[in-house]
Amino acid sequence: MSGSKDCGGHHKSPRKNLRRVISCILILLLLILITILLIWAILRPSKPNFTLLDTTVYAFNATTFNFLTSNFQITVRSQNPNDDIGIYYDRLDVYATYRNQEITLRTRFPPTYQGHNEVNIWSPIIYGTMVPISPEYSVALGAEQMAGCVFLVIKIDGRLRWKVGTFVTGRYHIHARCPAYITFGEQSNGVLVGENAVKFQFYSRCSVSL
């Protein structure tokens with residue numbers, strides 16, 4: 001009888017040890033999670049800053065009613081203002097809009113890691129060939145171009161992750177909106193580049209939301 005009791009005790013001991021190991025692992029994970037959340041709450045990451053530096057216009061043709069052909073090269077500056085937090089830009093798409101309607105195709109930036117207080121400069125080309133626009137916008141666009149000034153918004157949409165030490169968060173949406181005034185004719189303040197391109201210098205701060 002005593003032998004069978006000993007056998008039963010031996011069977012229970014490994015289970016107790018396994019439970020203790022699992023409990024210790026769970027407690028350790030909980031402590032790590034609490035530590036990360038405390039660090040995150042203390043650091044409170046700031047949104048990256050985006051600035052539209054310049055726009056070179058290679059083509060802007062709205063003479064065909066309800067259609068627009070355009071070709072731009074823009075220069076965008078991005079800064080990570082955080083001292084202790086890095087940023088992974090997993091996806092960033094840039095495009096131009098007129099009155100909230102897309103007038104170019106989307107161009108994607110390469111995936112980038114931005115370290116503490118680091119600055120990145122991108123110079124993508126965005127374009128659209130015979131892009132349909134609504135009739136009322138087509139009339140307004142033609143009138144603004146004749147008047148010598150067209151207001152566009154360069155938009156950047158994508159996803160990013162924050163890096164705190166070795167911890168990397170999940171993905172967050174990011175949206176940047178950069179105003180751009182394109183002038184024509186006698187009112188143009190652009191600089192001729194080559195034969196047909198005009199470059200406009202900006203230092204246009206973009207509104208950023210997450």
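Trainee: Why is Asn49 called partly exposed?

Mentor: This is a predicted model. Asn49 has a relative accessible area of 23%. Buried means under 20%, and exposed means over 50%. The value of 23% falls in between, so Asn49 is partly exposed.

Trainee: Where is Asn49, and what is it in contact with?

Mentor: Asn49 belongs to strand E1 (residues 49-61). Leaving aside neighbours within four places in sequence, its contacts are Arg77, Ser78, Gln79, Pro81 and Arg205.

Trainee: How many aromatic pairs does a search of the whole structure find?

Mentor: The search finds eight aromatic pairs. One of them joins Phe109 and Trp122.

Trainee: What makes Phe109 and Trp122 a stacked pair?

Mentor: Their centres are 4.7 Å apart, and the planes make an angle of 15°. Centres must lie within 6.5 Å to pair, and planes under 30 degrees apart count as stacked.

Trainee: Which parts of the chain does the pair link?

Mentor: Distant ones. Phe109 is in the loop between strand E5 (107-108) and strand E6 (112-114), while Trp122 is in strand E7 (residues 119-122). The two are 13 residues apart.

Trainee: Are Phe109 and Trp122 buried or exposed?

Mentor: Phe109 and Trp122 are both buried. They also form one aromatic cluster with Phe50 and Tyr89.

Trainee: Which ring has Arg106 over its face?

Mentor: That of Tyr95, with Arg106 at 4.0 Å from the ring centre. The charged end of Arg161 sits over the ring of Tyr88, 4.9 Å from its centre.

Technical notes
Residues are numbered from 1 along each chain as its sequence is written. This is a predicted model: local features need pLDDT of at least 70, side-chain atom pairs count only at pLDDT 80 or more; totals for chains, interfaces and linings use all residues. Side-chain values use heavy atoms; hydrogens and water are left out. Rings of Phe, Tyr and Trp (its six-membered ring) pair if their centres lie within 6.5 Å; planes under 30 degrees apart count as stacked, over 60 as edge-to-face and the rest as tilted. Helices (H or I, at least four residues) and strands (E, at least two) are DSSP runs, numbered from the N terminus. Buried means under 20% relative accessible area, exposed over 50%, partly exposed in between (1.4 Å probe, protein chains only). A charge sits over a ring if NZ of Lys or CZ of Arg is within 6 Å of the ring centre and within 35 degrees of the ring normal. Contact means heavy atoms within 4.5 Å.
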